[in-house]
Amino acid sequence: MNHPENDKEYKGLQVNSGVAQPPSVNPYMRPLRRKPVPSVSEIVEGVLKGDMTMLSRAVTLVESLLPEHYAKAQEVIEKCLPYSGKSRRIGITGVPGAGKSTSIDVFGLHVLSRGGKLAVLAIDPSSERTNGSILGDKTRMERLSVHPNAFIRPSPSAGSLGGVARKTRETVVLCEAAGFDNIFIETVGVGQSETAVHSMVDFFLLIQLAGTGDELQGIKRGIMEMADGIVINKADGDNIQRAQLAQAQFRSALHLFPPTASGWQPEVLTYSGYFELGIPEVWDMIDRYFAFVEANGYFETRRRQQARYWMRETIDEQLRSHFYRDPAIARMLEQLENRVLENRLSSFTAASEALDSYFNRFK
């Protein structure tokens, strides 16, 4: 670089060139070699053998948004489907701070102590602004995350609970094919995700807290009606009496609801996830539920209803995706949006015009 200060007319001034900067990339570093993407048959073979690495790659394939990955993932799931359906699927929800992740850590260890394998699928909330997720559930499941027979997979909701729910259901199929006979699905908290998770599990567990004011305040009736069991966490120390009071309140509230489709009367128990108190009792309740629904045939009925529900949900999602990916529709939507923003057209009329244009091409 030339410096005008070095000109002869400036006496006593001189600017040195400085030190040459080293390259930003280490010249001795070897280029990274990506592993070749395994074929569908290799993925399926690895999943059926219980290979955790291959199972993780299969789940990543399912979660991918690339069209070529979607086709490959569907082929993998289709081949794994005959080996699925032999697990207990348990949904776990609760208000933020109720201790869901800590409880899953304790519940999971209790289940694994009886034998078998456990998969934990945690739907992690995403930022509405950046779509980023912390995916920190594994850090709160310290012992379970290092257990050789446990598989923990957090998935970002990314603003689309429906899409994540479908992918979570497909992940359930992969985990069952890999030999996991117990599957926990943790939701993002009390909200819209409960309906989606309830439609893919056999038992729905609601975790509550005591000593936070009116225990029934803010609990949606829909979530209470979906729960097959309610457990009140942190029933230890000075909080035992408050937990017992909350237990009585929830039991009274459940009597006001209509009978469940399964005929099962939801139970309300107290426990402490931190001090590991009452864990066997909670699991005895879940064992009683499975024995009850298997005896009266509701277990298979619910599985068939869920399969029908997810077939229709997939149709809805595919139709929506095909509509928005259509180039002609994309151009038309831009024009319609401008007319709507200029108050020259109502939102409902614009939507009707776009849909009519889309469906008229298939007549």
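Predicted model: local features only at pLDDT ≥ 70, side-chain atom pairs only at ≥ 80, totals over all residues.

I started with helix H9 (residues 279-296) and helix H10 (residues 298-325): their axes come within 5 Å and cross at roughly 85°. Axes here are lines fitted to C-alpha atoms, for helices over the stretch in contact, with angles from 0 to 180 degrees between N-to-C directions. H9 and H10 are therefore roughly perpendicular to each other (under 35 degrees is roughly parallel, over 145 roughly antiparallel, 65 to 115 roughly perpendicular, the rest oblique). On the H9 side I find Tyr 289, Phe 290, Val 293, Glu 294 and Asn 296 in the contact, and on the H10 side Tyr 298, Phe 299 and Arg 302; contact means heavy atoms within 4.5 Å. These residues divide into five nonpolar, one polar and two charged (Ala, Val, Leu, Ile, Met, Phe, Trp, Tyr, Cys and Pro are nonpolar, Asp, Glu, Lys and Arg charged, the others, Gly among them, polar).

Residues are numbered from 1 along each chain as its sequence is written, and side-chain values use heavy atoms, leaving out hydrogens and water.

Next, confidence. Mean pLDDT (the predictor's confidence in each residue, from 0 to 100) is 85 for the chain, and 84% of residues reach 70 or more.

I counted twelve helices and seven strands, taken as DSSP runs numbered from the N terminus (helices H or I, at least four residues; strands E, at least two).

Then phi. Most residues other than glycine have a negative phi. Which way does Lys 234 go, positive or negative? Its phi is positive, about 60°, and Lys 234 sits in the loop between strand E6 (229-233) and helix H8 (240-254). Glu 276 also has a positive phi, about 55°, in the loop between strand E7 (267-270) and H9. Lys 234 is partly exposed at 37% relative accessibility, and Glu 276 is partly exposed at 42% (buried is under 20% relative accessible area, exposed over 50%, partly exposed in between, with a 1.4 Å probe and protein chains only).
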